[in-house]
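Have the viewer open as you read.

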Amino acid sequence: MKSRILPIVAGVALLLGGASCNDYLDKEVDLTQQAENVFGDYDMTRGFLAHLYESLPDAFAPYNSGDLQNGSRDNMTDNSISYWSGHYYHSVVNDGFTANNHFYSTYYWNRNYPAIRGCNQFLLNARASVIGNAEKQGDDNRLYDRWIAEARVLRAIFHFDLAQWFGDIPIVGDDENGTPIILTPSSTLPGRTPCADALKWVADECDKYKDDLPFRYANEEENWGRVNGAAAYALKARALLYRASPLHNPANNQSWWEEAARACQDFFTKNAQQNDPYRLYRTADDDPQQNYYQCFVSNPVLNNEYILSRSVWTTRVIEECLAPVGFQGNASSYSRTNPTQNLVDSYETINGLPIDKDPSYDPQNPYANRDPRLEQTIFHHGTVWGDRLNNEERTIDVTFGEGVDFQSLHGGTMTGYYTKKFVNNMSWDKPSNYRHACPIFRYGEMLLNAAEALNECGRTNEAYTYINELRSRVGMPPYSGMDQATLRERIRNERRIELCFEDHRFFDERRWKLFEGKTPSSELNEPYYRQVYNLYGVTVHPAQREVFVYGPASTYPTRVFNAPKNYFIPIPYSETVKAHLPQTPGWEL
């Protein structure tokens, strides 16, 4: 796959070494001549900033990472299971890693801290005299100030990414004089800042610089993928929402929820002032049966719902990773992300009720009269799919042991389901590449953030406005008349289905502390959609009286979660030794 965020000057990445080192304690390079070469030149300065974007979070990255990942990170949650036995995801699900060999520890530590180092190098060396800082019409107004704000918000994003994975983290920001910190081997590494404080630091950084950026770029063709003011508002809101959540706010400090709600509402106030505000994606004919699906495939680039996108991939790898295995030709699918019955059952009936609360729900006709997002997100037995123009359209068949979409040499389903979200209806005999963009922040998430924060701080009646706007896009009945606890459950459920496969569920399960007070055996009498330890699927048996037989998933039917250990991942053991950092609780060797 090839990515395009914005023009990048070739070779700049190596000149300062900021993003090429393996960890942020590597020896500082001599900047005397190199800083002059790079930051004395406009194009190379611009290229250095552009290179920092390569480290942004990316929910699509695993699809292009070979056999050890190539599936959604939701495979580490109750939303889906990885078909492929060699995937790293299984070791997370069964707590099979140590601090010496935890893949994600090394990956996120060694990606984010070099990126933070690069941001600090840019902040320390970029020059207004080279970039220019004149008052202008359009996106380039006070360009030096804008680029500095971009780098500072990027630095905040990288710290947020570290905090959600590791919890307490060293903040490598500015020293007591306000000078960006460049660590050297002789530097004293900052200690691990408590996660709640780190999240507040992220929010405060966004607050300082969010209005130095255009809220939305006028020329998005040129600036698509650049950090804008809206992204800074969105990051502030998400950071404060996480901080206020049970994991970081055990005393349920209501002022933290109020701060999160205010940050969300600030975004919507600012957005409403724009000539071209962000909004939910809808098709030209506003079709509830297509609005959600088309948001992610029709043209995810320059999409009015996407506030910040990681990158644009022109590829068919995502189709090959997700589509049912029976679709073969000059391209093949290996389908290693299988949604669970837990996720499928979380979709309400069209009446707006959980399936166990609606007498009209028929487990032998399970996909009829459901939230339209089910059909737009998940391939199931009986889904009609395939390129009609090339005579490839057919009905998906996951019949146990014999269905064309059950299993093949390199893929299959362990639950009876495949992932449809992000998948274009490609001809497999005449395969094409499609543009894919992974949302980091989107308008739909902001609606959910606002609804959750308002409900938690006791403003339940205000929360309905935001959650019902999201539901209206897919024609689902509005919520009303619920108490706080009931609406909390519905908001969490809405968030689960709306944001699935976008790298949210792993963190939501933890910040809400869904594992607390439960065990695999104690939750067995709950509906599947409320169980977090036990994972389920469906087996299709057409020869039996009951075609759909529900039960434990055929691999990894039970997850392991040890508290406090599994709330966060460990710092790589080598880093704790090198930097004298305390290890994440529970991961001590």
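How many residues does helix 8 have, and how far does helix 8 reach from its first C-alpha to its last? Helix 8 covers residues 195-209, which is 15 residues, and spans 22 Å, close to the 21 Å expected at 1.5 Å a residue.

| Helix | Residues | Reach, first to last C-alpha | Expected reach |
|---|---|---|---|
| Helix 8 | 15 residues | 22 Å | 21 Å |
| Helix 11 | 19 residues | 27 Å | 27 Å |

Before going further, a word on confidence. This is a predicted model, with an average pLDDT of 92 over the chain and 94% of the residues scoring at least 70. Residues 1-33 are another matter: pLDDT stays under 50 there, although the model has 90 contacts beyond four places in sequence for them. Where pLDDT is low, the predicted coordinates should not be read in detail.

Back to the helices. The buried residues of helix 8 include W201, V202 and Y209, and the buried set packs against several elements, among them helix 7 (143-166), helix 10 (229-244) and helix 11 (254-272). Helix 11 buries W256, W257, F267 and F268, among others; its buried residues pack against helix 8, helix 10, strand 5 (306-315), helix 16 (443-456) and helix 17 (460-473).

F267 is also one of the residues that touch the most other members of the largest nonpolar core, which has 108 residues. Helix 7 gives this core its largest share, 16 residues. Beyond its neighbours within four places in sequence, F267 contacts F215, A230, Y233, I307, Y443 and M446. A second, separate core of 48 residues includes Y63, V297, V301 and F327.

Technical notes
Residues numbered from 1 in each chain as written. Predicted model: local features only at pLDDT ≥ 70, side-chain atom pairs only at ≥ 80, totals over all residues. Heavy atoms only, no water. Helix = DSSP H or I, 4+ residues; strand = E, 2+ residues; numbered from the N terminus. Expected span 1.5 Å × (residues − 1). Buried < 20%, exposed > 50% of the residue type's maximum accessible area, 1.4 Å probe, protein only. Contact = heavy atoms within 4.5 Å. pLDDT = per-residue confidence, 0-100. Core = buried A, V, L, I, M, F, W, Y, C linked by side-chain atoms within 4.5 Å.
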